[in-house]
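Biologist: Before I rely on the words used for this model, I would like to see each of them set against its cut-off. Could we go through them together?

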Amino acid sequence: MSAAEAEAELADDERQALELIREEGGIHQSDFWKALDISSRKGSRIAEKLEGLGLIQRSSTVYDGHNTYYLEPAPRDLDFSLLMAGDLLSPFIGEEEVNPNSDAFSQWLMNLAYEEYDL
C-alpha cells in the first residue's frame, strides 16, 4: 500500500495526528497526545499505527527526564514525472524566463505529445 493510499484510509483522529506531526516537523509523544487532547494510551496507539503505515518515524529519546518517543514525518516520495517528457527535463526548471519559441521547449512539448499518444 502506498503512503497516499494509507493516508486515504485514516480515521479523522489519525489524520489530525498526522497533520500535527507534519505541521510541527516533529513532536515528542508526551506532548503529542496532550496537543490532540487524547489519552496517552490512545496517542500511543495512533503513533504506532502511523509508524506501521510508514507515515511517521518514531525514535526513543529522553525528554524532561522521562523516556518517550520523538515523532517525525516520514520522508515522502517525490514524483518528478510531471517535470519529464521522455528523457528531457522541463525547460522551465531553473530558468527565470522561458522562450516558448525555443527549440528546447518545442522538443519537450513534442516528447510529451509522443508519450501521451504513444506515437
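Modeller: Let us begin with the polar contact, which is a pair of N or O atoms within 3.5 Å; within protein, one must be able to donate a hydrogen and the other to accept it, and residues adjacent in sequence count only if both atoms are side-chain atoms. This is a predicted model, in which local features need pLDDT of at least 70 and side-chain atom pairs count only at pLDDT 80 or more, while totals for chains, interfaces and linings use all residues. Residues are numbered from 1 along each chain as its sequence is written, and side-chain values use heavy atoms, with hydrogens and water left out.

Biologist: What makes the side chains of Arg 58 and Gln 29 a polar contact?

Modeller: The computed distance between the side chains of Arg 58 and Gln 29 is 3.5 Å, and the pair is listed as a polar contact.

Biologist: Why is Arg 58 called buried?

Modeller: Buried means under 20% relative accessible area, exposed over 50%, and partly exposed in between (1.4 Å probe, protein chains only). Arg 58 has a relative accessible area of 16%, and is therefore buried. In the protein chain, 26% of the 119 residues count as buried.

Biologist: Which residues is Arg 58 in contact with, leaving aside its neighbours within four places in sequence?

Modeller: With contact taken as heavy atoms within 4.5 Å, the partners of Arg 58 include Ala 47, Glu 48, Glu 51, Tyr 69 and Tyr 70.

Biologist: What makes S2 an edge strand?

Modeller: Strands (E, at least two residues) and helices (H or I, at least four) are DSSP runs, numbered from the N terminus, and Arg 58 lies in strand S2, residues 56-63. Two strands pair if DSSP finds at least two bridges between them, and eight bridges join S2 to strand S3, residues 66-73. The open sheet has the antiparallel order S1-S3-S2, and its edge strands, S1 (27-28) and S2, each pair on one side only.

Biologist: Why is helix H2 called oblique to H3?

Modeller: Axes are lines fitted to C-alpha atoms, for helices over the stretch in contact, and angles run from 0 to 180 degrees between N-to-C directions. The axes of H2 (residues 12-24) and H3 (residues 29-36) come within 11 Å and cross at roughly 125°. That makes H2 oblique to H3, because angles under 35 degrees count as roughly parallel, over 145 as roughly antiparallel, 65 to 115 as roughly perpendicular and the rest as oblique.
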